[in-house]
Amino acid sequence: MAASIDLTLDSTDAQVLAAFWKTALGYVDEPPPAPFATREEWLAQFDLPEDDVADDGAWLCDPDGVGPRLSILNVPEPKTAKNRLHIDIRVPGHGSHDERWSRIRAESERLVKAGASVLEEVDGHHVVMADPEGNEFCVAAASA
């Protein structure tokens, strides 16, 4: 059996970044682990500093249970270098090159409206973007 993965993003404002990634991926807030009713209740079981609050993190999941869980955690320092790992958002890959590129461009434009920025368009193949905190990701077509 293959291992499952979670992805974790460091952030200076977890709630802002969570709102962006929920829009980008169609994810939802992940419920707290059972038997806890809230994230605050779940966090209370750990011996954390008093200033560590639930808003310092966000936990997102794919409502269909297919994609990896996404944790977004506040850290004190800003992003300073290129990601060593990034997310690729895939649009449907069927159709002609022009149709695929049109879908890639439309998705990129939608994400710009949600707070992302375009860093580079690569030869009608993919668009390199940055989320509101500068984390790079790409928009490309899936396999046909």
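Q: How much area is buried between domain 1 and domain 2, and what share of it do carbon and sulfur atoms give?
A: This is a predicted model, to start with. About 990 Å² is buried between domain 1 and domain 2, and carbon and sulfur atoms give 71% of that.

Q: Which elements give two or more residues to the side of domain 1 that touches domain 2?
A: Those are strand E1 (6-11) and helix H1 (14-25). H1 gives the largest share, six residues.

Q: And by class, what does that side of domain 1 have?
A: Seven nonpolar, three polar and two charged residues make up the side of domain 1 that touches domain 2.

Q: Let me back up. Where is the chain divided?
A: Domain 1 covers 6-74 and domain 2 covers 87-141. The contact takes 12 residues from domain 1 and 13 residues from domain 2.

Q: How far apart are the C-alpha centres of the two domains?
A: The centres of domain 1 and domain 2 lie 25 Å apart. As for the chain, its C-alpha trace spans about 55 × 35 × 30 Å along the principal axes.

Q: How many helices and strands does the chain have?
A: Three helices and eight strands. Going along the sequence, the pattern reads β-α-β-α-β-β-β-α-β-β-β.

Q: What share of the 144 residues is buried?
A: Buried residues come to 33% of the chain. On contacts with a separation of 6 or more, 59% are between residues 24 or more positions apart.

Q: New topic: Trp101. Which helix does Trp101 lie in?
A: Trp101 is in helix H3, which runs over residues 97-113.

Q: Is Trp101 buried or exposed, and why?
A: Buried, because its relative accessibility is 16%, and the cut-off for buried is under 20%.

Q: Leaving aside neighbours within four places in sequence, what is Trp101 in contact with?
A: Trp101 is in contact with Glu121, Gly124, His125, His126 and Val127, once those sequence neighbours are left aside.

Q: Last one. What separates the C-alpha atoms of Trp101 and Leu70?
A: They are separated by 27 Å, with Trp101 and Leu70 sitting 31 residues apart along the chain.

Note on methods:
Residues are numbered from 1 along each chain as its sequence is written. This is a predicted model: local features need pLDDT of at least 70, side-chain atom pairs count only at pLDDT 80 or more; totals for chains, interfaces and linings use all residues. Side-chain values use heavy atoms; hydrogens and water are left out. Helices (H or I, at least four residues) and strands (E, at least two) are DSSP runs, numbered from the N terminus. Buried means under 20% relative accessible area, exposed over 50%, partly exposed in between (1.4 Å probe, protein chains only). Contact means heavy atoms within 4.5 Å. Domain bounds come from an automatic or database domain assignment. Buried area is the accessible area (1.4 Å probe) that two parts lose on being put together, summed over both. Ala, Val, Leu, Ile, Met, Phe, Trp, Tyr, Cys and Pro count as nonpolar, Asp, Glu, Lys and Arg as charged, and the others, Gly among them, as polar.
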